[in-house]
Amino acid sequence: MEEKIQALMTEIESADLSTPALAEAFRNRFVARKGVINELFDQLKSVPNEDKRKVGALLNQLKNRASEIAEAALSSQAGAKDNDRPGDITLPGDPWQKGGRHPLALVQRLITDTFRRMGYSLAEGPEIEDDWHNFTALNFEENHPAREMQDTFFIDENNLLRTHCTSVQVRVMEKHKPPLRVIAPGRVYRNEAVSARAHCFFHQIDGFCVDKDISFADLKQTLETFTQTLFGQDAKIRLRPSYFPFTEISAEMDVSCRICKGAGCAVCKHSGWVEIMGCGMIDPNVLKNCGMDPEIYSGFAFGMGVERIAQLLYRVPDLRLYSQNDVRFLEQFRGFVNY
Ligand code: DAH
């Protein structure tokens with residue numbers, strides 16, 4: 001018995017385990033339940049009592065060593081299978097998650113590009129603005145109630161967070177001579193409680209055109225072309241009289257509701273129309289404040305909210321969604337016009 005054990009010990013120490021098949025065969029022969037080592041355990045009964053202890057210990061040693069060797073061979077071969085595989089180079093690669101633009105960036109691009117195709121150039125101004133460019137030059141008189149139309153975040157007596165992009169009109173007109181056709185996108189701020197319908201910051205696109213003989217008819221034609229390019233040829237516009245300090249005459253422009261197509265819904269409050277911008281003929285005082293002669297030049301201007309238009313295009317029900325950075329919202333815009 002002892003000799004048999006010794007012989008098996010030599011056999012397992014020198015066994016060839018270089019392939020998975022050989023390792024498997026080794027395990028079956030030595031470690032498996034019906035392997036030779038367990039057979040020897042069965043024969044332990046016939047070993048004389050005084051030798052049992054010694055033979056038993058030897059057998060245990062043999063058994064442990066055999067399973068050690070089998071396990072090491074099998075696990076190193078399994079590891080090699082994963083790591084050394086050359087890889088199937090015809091398999092498709094791991095998919096790359098492509099990013100997307102923020103819906104407001106998409107809509108801002110859509111709007112400015114529409115005007116660019118009509119010959120407008122792009123201008124930007126500072127978000128921290130002074131009283132002159134945000135109010136005074138735009139014909140908001142000191143202490144005039146019109147200043148309260150917009151709840152302003154003041155920084156100090158003379159500086160504030162701009163309440164509208166109309167301030168860029170003043171900056172451009174002060175520097176450049178007509179003919180001017182300019183579109184000014186940007187972020188604006190108002191001291192309002194945040195809700196589904198109002199926010200303390202939002203985005204506007206302001207535009208204007210100044211030249212000789214510019215009339216209200218030019219304004220109407222421009223806005224109609226813009227609206228139909230953005231919302232489709234069946235979109236209708238409606239101009240209603242309004243008031244802004246920097247335009248005379250002033251109007252508000254509605255578009256036929258894009259959600260219900262005029263049938264009446266919650267977005268248009270069952271009127272069939274949705275207001276999307278303010279507009280008008282630039283007040284002669286504003287032209288004068290910017291160094292232009294209103295006897296020679298006239299112009300029109302308009303301003304709209306980007307969030308509102310994005311709401312109509314993409315049916316966004318709550319303004320707060322734009323700034324919460326919730327990927328479930330943002331992911332829906334992945335793959336939209338992306339340029
Ligand atoms: N600045 C206005 C606002 O924030 C919008 C506006 C109205 C802009 C008429 C204009 C305009 O340029 O002509 O509510």
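Helices (H or I, at least four residues) and strands (E, at least two) are DSSP runs, numbered from the N terminus. With that convention in mind, please select Asn139, which is found in the loop between α6 (131-134) and β3 (159-161). Its phi is near 75 degrees, a positive value in a residue other than glycine.

The model on display is predicted: local features need pLDDT of at least 70, side-chain atom pairs count only at pLDDT 80 or more, and totals for chains, interfaces and linings use all residues. Residues are numbered from 1 along each chain as its sequence is written, and side-chain values use heavy atoms, with hydrogens and water left out.

**The whole chain**

Next, colour residues 2-83 as domain 1 and residues 103-333 as domain 2; these bounds come from an automatic or database domain assignment. The C-alpha centres of domain 1 and domain 2 lie 85 Å apart.

**Two cis peptide bonds**

Select Pro178 and Pro179, which are joined by a cis peptide bond with omega about 0 degrees. Pro179 belongs to the loop between α7 (167-175) and β4 (180-189). Then move to Glu248 and Ile249, where a cis peptide bond has omega of about 5 degrees. Ile249 lies in strand β7 (residues 247-256).

**The ligand**

Display distances from the oxygen atoms of the ligand. A polar side-chain atom of Gln204 lies 2.9 Å from a ligand oxygen atom, and an N or O atom in the side chain of Asp206 is 3.1 Å from a ligand oxygen atom. At Ala301, a polar backbone atom is 3.2 Å from an oxygen atom of the ligand. Taken alone, the ligand exposes 350 Å², and the protein buries 90% of that (accessible areas from the Shrake-Rupley method with a 1.4 Å probe).

Definitions and conventions: Polar contact = N/O pair within 3.5 Å; in protein donor to acceptor, adjacent residues only side chain to side chain.
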